[in-house]
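Please keep the sequence and the model in view while reading.

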Amino acid sequence: MNITVTQGDLIEQSAAALIVNHFEGLQSPGGATRSLDAKLNGAIRALIASGDFKGKLGETAVLYPHGETLSTRVILVGLGRSDEFSLDKARQAAGAAASRAVALGCRSMATVVHGAGRGGLDAQAAARVVAEGTELGAYQFNEYKSKGDSKILATVSLVELDESKIEAMQTGAREGEAVGECANFARDLVNQPPNICTPSYMAAKAEQIAAAFGLTCKVLDTPAMRELGMGALLGVAQGSSESPKFIILEYWPGATAMSDLAPIVLVGKGVTFDTGGYSLKTAADMPEMKSDMGGAAAVMGAVRAAAMLNIPRPVVGLVPTAENMVSGGSYRPSDVLTALNGKTIEITNTDAEGRLLLADALAYAKRYNPEAVIDMATLTGAAMIALGRGGAAAVFSDNERLVQRILAAGEVSGERVWPLPLYPDYRDWMNSDVADLKNSAGDRFAGTGVSAAFLKEFAEGYPWAHIDIAPMAFAIKGQMVKPYGPTGATGFGVRLTAALLRAWES
């Protein structure tokens, strides 16, 4: 998608659709909507008066100008109540408008920058969220449909009459387009079928990112991991014919003083398909398990975004990736594995495999002397039970400053997170009779908390936070919190970490 900022009058733009907005509860439209309504002989005002369009957040209606404008159609999108309006509401409205434009087959559209006028939002920030929401709302995944789908929104113009706002809006639009594109990159990875998106495929994608954006990429194979002592990751992988990979993707800023700073390390769980191993999942739960590498996809997208945004601090992405399969060579309940840091792990549940990949990656992260380490993983169904599907991701850390940074990034990005406790008791529940600790407490009670307590054993010597993105990484039909665009992968974590990285030095 090509997003530009245009100085001028929205009514004079030629596009497949013009996008204007309206606040809920107001009878008279304002700003560009009012001007367009006059051009359409009161059609928008009549639609509002009829009650057929109320202006609820994300509500859309389509009008046809019949030659009164250069554009084929007008899409009216609701902003919700004016006293509840925010940057995230502007982002959601932009996403809803883009989704409707795609559904109508529009290849181009011109839109107001929601909130930059009557909404009172900062011009740069408003353009950023509108560009980002447009990218997200227009997303489609049609790669494996034999007939294809020509409904692609190719060009978008953000139109602003006030010339003094143009430069700020151009900066914001570039930022939003980059972040939205990187989130969609992560969505593409997660939506791939598991016979395509293998550990080797993930490694190839990382190498492509590195080549395109001037990053450093290194991929460790099984012999290299065995030499290092990554017994936890290799234990999970041993039941699959697909070889595991440990992907290291590094972004180092240019030759400035900032490049001497300690990096922020992002760690993403990359189980490209999870059968549960011998602790086998049910048939109903299995198809969605292609999304169990959502954390890995988010980390790869976030490092990509760091490069596109020219973040001044180094960022390192660590992606341990493997399949969790059932075979004669699979790891078993009661096996004992030895992680990179030398700690031994009794396996009580082979479906608690993601934390084993993360254990080795978190231990590996220490060699960077990082400013902070943040892992993201579709780790537990218990997080969904606690926070609801589409509700929020769970955050665990004993570093309050890091938690506050993540919460602030959640507010800015619109990717909701919520802190949960990391009680010492949870670690006690992971005690093993035969090893340093076991990988599962044995029941679902506090399942998300004990998994965080397990990870803490391997996150030593640096500030660390764990984000369980299981409630947010994959959207299904009918869930209360709707995704941007179609159901399936959401790319959750890319926008969150991009906002975190942008604000880190401030």
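Does Asn41 count as buried or exposed? Asn41 counts as exposed, because its relative accessibility is 66% and the cut-off for that class is over 50%. The structure is a predicted model, and its main features are grouped below.

**Overall fold**
- The protein chain contains 15 helices and 20 strands.
- A compact globule of 506 residues would have a radius of gyration near 23 Å, and the 24 Å of the protein chain agrees with this.
- The C-alpha trace spans about 80 × 55 × 45 Å along its principal axes.
- Among contacts with a separation of 6 or more, 77% join residues 24 or more positions apart.

**Surface and charge**
- Of the 506 residues, 58% count as buried.
- The accessible surface of the chain is about 19,700 Å², and carbon and sulfur atoms account for 49% of this area.
- The chain carries 45 positive and 54 negative charges, whose mean positions lie 5 Å apart.

**Two residues with positive phi**
- Most residues other than glycine have a negative phi.
- Asn41 has a positive phi, near 60 degrees, and is placed in the loop between helix H1 (31-39) and helix H2 (43-50).
- Ala446 also has a positive phi, near 55 degrees, and is found in the loop between strand E17 (437-438) and helix H14 (447-456).
- Ala446 has a relative accessible area of 30%, so this residue is partly exposed.

Terms used: Residues are numbered from 1 along each chain as its sequence is written. This is a predicted model: local features need pLDDT of at least 70, side-chain atom pairs count only at pLDDT 80 or more; totals for chains, interfaces and linings use all residues. Side-chain values use heavy atoms; hydrogens and water are left out. Helices (H or I, at least four residues) and strands (E, at least two) are DSSP runs, numbered from the N terminus. The radius of gyration is taken over C-alpha atoms; the globule rule is 2.2 Å times the number of residues to the power 0.38. Buried means under 20% relative accessible area, exposed over 50%, partly exposed in between (1.4 Å probe, protein chains only). Contact means heavy atoms within 4.5 Å. Accessible areas come from the Shrake-Rupley method with a 1.4 Å probe; for residues, only the protein chains shown count as cover. Lys and Arg count as positive and Asp and Glu as negative; His and the chain ends are not counted. The place of a charge is taken as NZ of Lys, CZ of Arg, CG of Asp or CD of Glu.
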